[in-house]
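Trainee: Could we go through this structure together? I am new to it and would like to begin with a single residue.
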Amino acid sequence: LRLDLDHWPHRWFGFWREYGKDYERCPSIRDFVRPDLVARYDKAGLRRYMTTAQNLAMTSRAAFAHPFTGERGRGALGQMTDGRWTWLSDLPEYIDEYDVAIPTMWLREIEARGFVPPHVDVADPAVRAALDQPPVV
């Protein structure tokens, strides 16, 4: 996978190799730790956007190892979408606590929307079919 944030070829982000065997074709989260970029982010705005977008699916966080500590989580983990991009609901935590940067194009789209995600009808099969899916087994 190409790891250049200015030319990220996908519309999914936040699916990490560290989550386990089913995610081994995904990138390592460590390759996206960029405090120099994240220092300029509106972290509160990103958190609001990423946590208030539409939820596609939920699962137990216990099924996923924390990508930095390796510990199993508690609670739920969701796959989120804004109709164009998809990510896991723990991404804001890694932006806040570990300076994980996101693709430049996605950041610009979020900023252009004023950090307010659009309403998306996730029950619409066409919406789900249009989403770029991560390489998860």
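Trainee: Leaving aside neighbours within four places in sequence, which residues is Glu93 in contact with?
Mentor: Please keep in mind that this is a predicted model. With those neighbours left out, Glu93 is in contact with Arg47, Arg61, His66 and Tyr98.

Trainee: Which side chain makes a polar contact with the side chain of Glu93?
Mentor: That of Arg61 does, at 2.5 Å.

Trainee: Does Glu93 count as buried or exposed?
Mentor: Glu93 counts as buried, because its relative accessibility is 18% and the cut-off for buried is under 20%.

Trainee: Where is the place of Glu93, and which residues are buried there?
Mentor: Glu93 lies in helix α3. The buried residues in α3 are Leu91, Pro92, Glu93, Tyr94 and Ile95. They pack against β1 (12-13), α1 (35-38), α2, β4 (86-88) and α4 (104-112).

Trainee: Let us turn to α2. At what angle do the axes of α2 and α3 cross?
Mentor: The axes of α2 (residues 43-52) and α3 (residues 91-98) cross at roughly 165° and come within 9 Å. The two helices are therefore roughly antiparallel to each other, as angles over 145 degrees count as such. The crossing of α2 past α3 is left-handed.

Trainee: Which residues make that contact?
Mentor: From α2 they are Lys43, Arg47, Met50 and Thr51, and from α3 they are Leu91, Pro92, Glu93, Ile95 and Asp96. By class, four are nonpolar, one is polar and four are charged.

Technical notes:
Residues numbered from 1 in each chain as written. Predicted model: local features only at pLDDT ≥ 70, side-chain atom pairs only at ≥ 80, totals over all residues. Heavy atoms only, no water. Axes fitted to C-alpha atoms, helices over the stretch in contact; angles between N-to-C directions. Helix = DSSP H or I, 4+ residues; strand = E, 2+ residues; numbered from the N terminus. Parallel < 35°, antiparallel > 145°, perpendicular 65-115°, else oblique. Left-handed = near helix turned anticlockwise from the far one by under 90°. Contact = heavy atoms within 4.5 Å. Nonpolar A, V, L, I, M, F, W, Y, C, P; charged D, E, K, R; others polar. Buried < 20%, exposed > 50% of the residue type's maximum accessible area, 1.4 Å probe, protein only. Polar contact = N/O pair within 3.5 Å; in protein donor to acceptor, adjacent residues only side chain to side chain.
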